[in-house]
Amino acid sequence: MPNGSLSLPARLYLLAWDTTRNEVTGAAHLPYVVRAGALTELAQRGLLTDVDGIATPVDMDSRTGDAVLDGLLELVRESRPHRWRSWVKLHARVTLDAVREKLAADGYLRVMKKRVLGVFPSVEYGVERAAVVEALREEARQVLEGPVPVAEVSDRDAAVVALAVAGDLRMLVPRKERSRHEERVEALTERSGAAAPGLRTAVREVRAGVVAAVSAAAVATGG
């Protein structure tokens, strides 16, 4: 995908944007999708590993150099043990806010400060690099629909698409079209966790956590 330096949570956040309306979609469950991306990337980098279903730091000193990922890694280290599915929701908005702030600092989003009722300060965000978002979406659609064999898709690209579909990011694929991609998404999920022993369990648990969280959010909001 273009802009390969973008982390998985950053890509997922950008994929949620409707560039035509310049607004983010699926706001109710987006924190869970973004958190899932961060967990998956830390697992793919070998910094979190699966121990009997628990997301476990490999050591207490490693860093990625990415403030979003390092913030989550520190949170996991300082917290009592939790399963992967729990971490999808636990303090998920912290990761979403960190991703948004980093994307704004890096020039992908623009910050618009305003006052509610002319008194209370408020911040809104808009896409600054719409072409980047559209390119990410087109590349993700190609990964989802083929014709490139799943075995030739990178584990990072496979993870982005598998989580985007699990997280109901409708700017990538409308809900009514999801069923025709089920087999491909399952294969991409497997590809996401193929690089190391135990990684497949982590990836599957994170994806299951996203599905559960998004379903709960949809019920709560009537979506």
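A search of the whole structure finds 17 salt bridges. A salt bridge is a side-chain nitrogen of Lys or Arg within 4 Å of a carboxyl oxygen of Asp or Glu. The structure is a predicted model, in which local features need pLDDT of at least 70 and side-chain atom pairs count only at pLDDT 80 or more, while totals for chains, interfaces and linings use all residues. Residues are numbered from 1 along each chain as its sequence is written, and side-chain values use heavy atoms, with hydrogens and water left out.

One of the salt bridges joins Arg 156 and Glu 41, with the closest N and O atoms 3.1 Å apart. Arg 156 lies in helix α7 (residues 155–166) and Glu 41 in helix α2 (residues 30–44), so the pair ties together parts that are 115 residues apart in sequence. Helices are DSSP runs of H or I with at least four residues, strands are runs of E with at least two, and both are numbered from the N terminus. Arg 156 is partly exposed, with a relative accessible area of 22%. Glu 41 is buried, at 1% relative accessibility. Here buried means under 20% relative accessible area, exposed means over 50%, and partly exposed lies in between (1.4 Å probe, protein chains only).

Another salt bridge is formed by Glu 205 and Arg 85, whose closest N and O atoms are 3.0 Å apart. This pair also links distant parts of the chain: Glu 205 is in helix α9 (residues 199–221), Arg 85 is in helix α4 (residues 84–89), and they are 120 residues apart. Both residues count as partly exposed, Glu 205 with a relative accessible area of 23% and Arg 85 at 43%.

Arg 180 pairs with Glu 177 in a further salt bridge, the closest N and O atoms being 3.6 Å apart. Arg 180 is exposed, with a relative accessible area of 57%. Glu 177 is partly exposed, at 28%. Salt bridges also link Glu 186, Glu 190, Arg 200, Arg 204 and Arg 207 in a network.

Strands β3 (residues 48–51) and β4 (residues 54–57) pair in the antiparallel sense over four bridges. Two strands count as paired if DSSP finds at least two bridges between them. β3 and β4 form a hairpin with two residues between them. Asp 52, in the turn, has a positive phi of about 55°. In a regular strand the side chains alternate between the two faces of the sheet.

Asp 50 lies in strand β3, and its bridge partner in β4 is Ala 55. Asp 50 is buried yet has no salt bridge. The nearest side chain of opposite charge, Arg 83, is 6.4 Å away. For charge, Lys and Arg count as positive and Asp and Glu as negative; His and the chain ends are not counted. Asp 50 does have polar partners. A polar contact of 2.8 Å joins its side chain to that of Trp 84. A polar atom of the Asp 50 side chain also lies 3.2 Å from the backbone nitrogen of Gly 53. A polar contact is a pair of N or O atoms within 3.5 Å; within protein, one must be able to donate a hydrogen and the other to accept it, and residues adjacent in sequence count only if both atoms are side-chain atoms. Not counting residues up to four places away in sequence, Asp 50 touches Trp 84, Gly 198 and Thr 201 (contact means heavy atoms within 4.5 Å).

Helix α2 also holds Gln 44 and Ala 43. Gln 44 is buried, with a relative accessible area of 17%. A polar atom of the Gln 44 side chain lies 3.0 Å from the backbone oxygen of Ser 192. Residues touched by Gln 44 include Leu 8, Arg 156 and Leu 199. Ala 43 is buried, at 8% relative accessibility. Ala 43 and Leu 199 are 156 residues apart in sequence and 6.6 Å apart in space, C-alpha to C-alpha. Ala 43 touches Leu 199, and among its other contacts are Leu 48 and Trp 84.
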